[in-house]
Amino acid sequence: MSPESPSRHLVLATIQEDVRVLSIRVLGGYTEGALGVRTILLCIVKPLPTEGNPLALNPREVRQIHGFLEREGVTHLGFYLMTAGFKPFRQLVKDLRALGWRGVILAGGVHATLLPEESLVEGADFAVQGPGEIPPKKLFEGADPATIPGLVWRKDGAVVANPVSPEQRIDLDTAPFPLFRYDRDRVLLGGKLKPLSRRVHFYHDGWNGESYDLITSRGCLYNCAYCCRVDKGPIRRMSVDRAMREILEVRKNHPEIRQINIQDDVFFAGSDEWVEEFCRRYKSEVGLRFIVRVIPRFGTPGSTTSRWACRAPTASTSRFTGVPRPGNRSSRRPRRSSATRSTSPSTSSSTIPMRRRRTSATWPRRSTNFPAATGTP
Ligand code: B12
Ligand code: SF4
């Protein structure tokens, strides 16, 4: 897509229980910032399903989405799929087509990577496995689907899944900042479509609107059989400088942000030099409380990881919970959200006392030398 073709209008949507839509914020930063495609985020806020209460969109909500796509002249609808959102996505595609919407529909994310063929639901045009920046770029450029890595498409009535390729793994230093803004994006909340305002963010991000989700790397060193992660290759990470620029930009434009929630799968995998530099600059240039997930085996006695995990001396939080210390600038205690929970059994959560870990009898040595990409152990 080039700036000369302004007719393309992409909506990146997802169904979540809150408005913390990191995946489409990151991807939207790329489609808008690097590809020049007008991009709007659409957060469909729905409680997670429970027994007897499936996640579903009612006809009124579907009509609202359809009206919005028509009114805005949207040409492409991209969906970030977690498994929980798959069925409502399938129904939505069916309903949008029944209502006559003719734009391009594509799905990507965790579920599309796990089950690519299934994710190319009836009525949708494409699904994307693996990192999602390059396939839409090539689609916008009009490339032959057969040549687009990770693309799932139809040929003569059959579903074809092109293999994921290293070409999809962009240099994170070249990635534009994720979209993080008020009033331009949309939220479907309580059956009503409205701007994703600061007020909506305040009530529906789980952290009183004070938290910013940051991701500095993609991938993980492990290869757990049950893992759903999208990026299967060796870890790649942005430079400390790129990460700092992103945080400082957020601080400049969003004084309400008082916490950085680091979402990397394995933030501490790698050289102490990267972490040391990040800590030093974070403390002197940012100084906000933070949350980070720790895989304990990356800590060796005396290493930066251990110091962070045991005492967190280099940041303005007393523990890894993101809960402010008494006297911290924030007077409000953020309610506990999924951010404080471990996203996998392998990562430790703040509920495990960190000090106990330090006295653990065994300290397995780290198996990698970061940022050299060494692949899964
Ligand atoms: C950050 C995070 C969150 C955040 C933000 C969610 C988000 N993704 O926007 C929060 C805290 C809100 C969250 C919540 C939950 N999460 Co979560 N989360 C993650 C985590 C750690 C990172 C995701 C991320 O943003 N990565 C950075 C981005 C840039 O990478 P990405 O998501 O892979 O996106 C890229 C590609 O997938 C692709 N892509 C993405 N969307 C699209 C769309 C299109 C159209 C295209 C073409 C491409 C594309 O392009 C992107 C750029 O390359 C992942 C683990 C992981 N590594 O994936 C778990 C993970 C996604 N979470 C998971 C789960 C289970 C949950 C919860 C249900 C947990 C719970 N029980 O409460 C909740 C609820 C979610 C909901 N439905 O409401 C599972 C999902 C499993 C599955 N099969 O669906 C994961 C995989 C963790 C795990 N290993 O189990 N999560
Ligand atoms: S540690 Fe987590 S992200 Fe890494 S492979 Fe295992 S489950 Fe996946």
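This is a predicted model: local features need pLDDT of at least 70, side-chain atom pairs count only at pLDDT 80 or more; totals for chains, interfaces and linings use all residues.
When α8 passes α9, is the crossing right-handed or left-handed?

Let's start with the helices. Two packed helices are described by the angle between their axes and the distance between the axes. Here, helix α8 covers residues 240-253 and helix α9 covers residues 272-286. Their axes come within 10 Å and cross at roughly 20°. Angles under 35 degrees count as roughly parallel, so α8 is roughly parallel to α9. And the answer to my opening question: the crossing is right-handed.

Which residues make the contact? From α8 we have V240, A243, M244, I247, L248 and R251. From α9 come W274, E277, F278, R281, E285 and V286. Sort these residues by type and you get 8 nonpolar, 4 charged and no polar ones.

Now let's turn to the sheet. It is an open sheet of 3 strands, in the order β10-β13-β14, and the pairing is parallel. Why do β10 and β14 each have one side without a neighbour in the sheet? Because β10 (211-214) and β14 (289-291) stand at the edges, each with a single partner strand. From one strand to the next, the twist averages 25°.

How are the strands joined? Between β10 and β13 there are 4 bridges, while 3 bridges join β13, residues 259-262, to β14. Find Q259 on your screen: S211 stands opposite Q259 in β13, and Q259 in turn stands opposite R289 in β14. Staying with β10 for a moment, S211 and D213 point one way, whereas Y212 and L214 point the other way. All four of these residues are buried.

Last stop: two backbone angles. Most residues other than glycine have a negative phi. Now look at D183, whose phi is near 75°, a positive value in a residue other than glycine. Where is D183? You'll find D183 in the loop between β7 (158-161) and β8 (186-189). D183 has 11 other C-beta atoms within 10 Å, so this residue is exposed.

N208 also has a positive phi, near 55°, and is a residue other than glycine. With 17 other C-beta atoms within 10 Å, N208 is partly exposed.

Definitions and conventions
Residues are numbered from 1 along each chain as its sequence is written. Chains are lettered from A and ligands numbered from 1 in the order in which they are written. Axes are lines fitted to C-alpha atoms, for helices over the stretch in contact, and angles run from 0 to 180 degrees between N-to-C directions. Helices (H or I, at least four residues) and strands (E, at least two) are DSSP runs, numbered from the N terminus. Angles under 35 degrees count as roughly parallel, over 145 as roughly antiparallel, 65 to 115 as roughly perpendicular and the rest as oblique. A crossing is left-handed if the near helix is turned anticlockwise from the far one by less than a right angle, and right-handed if clockwise. Two residues are in contact if their C-beta atoms, placed from the backbone, lie within 7 Å. Ala, Val, Leu, Ile, Met, Phe, Trp, Tyr, Cys and Pro count as nonpolar, Asp, Glu, Lys and Arg as charged, and the others, Gly among them, as polar. Two strands pair if DSSP finds at least two bridges between them. A residue is buried if 20 or more other C-beta atoms lie within 10 Å of its own, exposed if 12 or fewer, and partly exposed in between; C-beta atoms are placed from the backbone.
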